[in-house]
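Here are my notes on this model, as numbered points. Please read them with the coordinates open.

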Amino acid sequence: MQAKQSKMKSSLRIRQYVKMAVQNVLLPLLYRIFCMADIEPGLVIFADAHNTKVPSSMEPLVREVKKRGQCKVMEIYADYQHTPFLRLLHRMLYFMKYYARAEYVVICDNFLPVSSCRKRKGTTVIQLWHGCGAFKKFGYDTDDDIPAFYKGNVYRNYDIVTVSAAACTPHFQSAMRLPRSVFQPFGVCRTDKFFRESYIRSCRQLFKRQHKEAQGKKIVLWAPTFRGNPADPKLELYEDIQKMASQVVPDVFVIIKVHPHLAKKYPYDNSTMTTDQLLPVADLLITDYSSVIFEYSIYRKPILLYAPDMEEYGVERGFYLDYQTLPGTIVTEQGQLADAVKQALSGKTDPAAVEAFYETYMAGCDGQATARMADRICKNAAR
C-alpha cells in the first residue's frame, strides 16, 4: 500500500515538473511569436482545461455574449487530465495563437496557458471561478492544490476575478496572491438560474419524473467535497450516509451526489440529475466541507454538516471560515446522524443563521450576475 502511494506521489511530482516546463518555457515562447499579430477588437475567448464542452459555470455568459452579437466568440475547451500529451500540446498552441490576439479571455478554473506568459496590455483576462464563497483553503494556501516546490504563477494575468460577495475578497486574495482590486463582487453567473421560478419548476418536474419512489417523502441531498489532491481525489463517509439512509426510511429519500472529481472513481450517485438541479428540490443538504452550502443558502433551507474528521481536516487543509459558526447543525458522530436529519427536517433549525450567511457571502448573487458581466465585456468591446 505504501509503495503504491509513493508511486502515486512520484507520478504527481513528475506531472508537476512537466507542467512547469511547459508553462515557463514553451508557452511564453509561442505567445511572443503570436504577438506579432495585432489584437482583434471584439474577440472574446472562452476557455477551459477540465471539460470538452462549455462548463456550467461559464455557459450562461457564453450564451448571453453570443446573443448580444457585439463580439466574435471563440470557445476552446479540452480535458487536459485525459488528453494525450502531444494532442494536449497542440490544443495549448491553438489557444496561445488566439490568446495573443484576443481582447477578452474568460476562464472559470485554473488554466495554465493563461498564466504562462507576460500578456499584452490590450487583453483582459476574466476569471469567473467555479464556486461561490470561500470555505476550505485553496490555491497557494494549501499544498493539496499547489505544491511548495511548484515554480510558476498559477494565477498570473488575471484582471478580474468575480466573487459572490465582498466578504470573500480577503480569502481569494490570500489564495491567489493577487491585488485586492482584482476581486470584484459581480456575483457568480451560474447562480442566476437559481432565482428563476421556471428553473425551480423544471427541476421539480424532472425529479418527479425520475424519482417516482420519492413522492411524498422529504428529500435529503448528500453532496460531499473530495479529499486530497484533485489528481487523486478520495471519498469518505459514504458508508455512514448509507447507514443513515436505512434508519430514516420510509419518510425520507436520500440522494447521493459526489463531487465531479470523484464521479468516475466512485460511481455512487443514485440520480442522473446534476447537483445544481437537485438544490431547488432538496429539503435538507448534508455536506462536510463543500462550497455547495453557499449556493444552497439561496433557498434558505436547513443545512447539516456531517464532519467526523473536522479537527483533522482543519489542521491538514484548513478553513477560511470558523466551522463552528456555519449556518447548520454540526454532527461529528455517526450514531447522531439519523436523529439530526429528523430534527432538521422537522424545522428545528435557525433560519436567521442561513439568512445572515447568505447576506454576508452571497450578496452579489441576485439573478443578474450574467447581465453585469456581459455589460462589462460587450460595452467595452463595442468601443
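1. Contact here means heavy atoms within 4.5 Å. Axes are lines fitted to C-alpha atoms, for helices over the stretch in contact, and angles run from 0 to 180 degrees between N-to-C directions. Helices (H or I, at least four residues) and strands (E, at least two) are DSSP runs, numbered from the N terminus.

2. This is a predicted model: local features need pLDDT of at least 70, side-chain atom pairs count only at pLDDT 80 or more, and totals for chains, interfaces and linings use all residues. Residues are numbered from 1 along each chain as its sequence is written, and side-chain values use heavy atoms, with hydrogens and water left out.

3. The sheet is open and has 7 strands, in the order E2-E3-E1-E4-E5-E6-E7. Its pairing is mixed. Two strands count as paired if DSSP finds at least two bridges between them. Strand E2 (50-51) and strand E7 (183-184) are the edges, each pairing on one side only.

4. Helix H2 (residues 59-68) packs on this sheet and touches E1, E3 and strand E4 (104-107). The direction of H2 makes about 155° with that of E3. Helix H3 lies across E1, E3, E4 and strand E5 (124-127), also at about 155° to E3.

5. Strand E1 (residues 43-48) runs parallel to strand E3 (residues 72-79), joined by 6 bridges. Val44 stands opposite Val73 in E3, and Asp48 has Tyr77 of E3 as bridge partner. E1 also pairs with E4 in the parallel sense, over 3 bridges. There, Ile45 is partnered by Val105.

6. How many residues of E1 are buried? The count is 6 of the 6, so E1 is largely enclosed by the rest of the structure. Buried means under 20% relative accessible area, exposed over 50%, and partly exposed in between (1.4 Å probe, protein chains only). Leu43, Ile45 and Ala47 are buried on one side of E1, and Val44, Phe46 and Asp48 on the other.

7. Phe85 belongs to helix H3 (residues 85-99). Phe85 is partly exposed, because its relative accessible area is 45%. With Val18 and Leu86, Phe85 makes a nonpolar surface patch of about 310 Å².

8. Phe294 sits in helix H8 (residues 292-296). Phe294 is buried, with a relative accessible area of 0%. Leaving out residues up to four places away in sequence, its contacts include Cys132, Phe135, Leu321 and Tyr361. Phe294 and Leu262 are 32 residues apart in sequence and 20 Å apart in space, C-alpha to C-alpha.

Technical notes
Patches are made of residues with over 30% relative accessible area and no salt bridge: like charges are joined within 9 Å, nonpolar side chains (Val, Leu, Ile, Met, Phe, Trp, Tyr) within 5 Å. Accessible areas come from the Shrake-Rupley method with a 1.4 Å probe; for residues, only the protein chains shown count as cover. A salt bridge is a side-chain nitrogen of Lys or Arg within 4 Å of a carboxyl oxygen of Asp or Glu.
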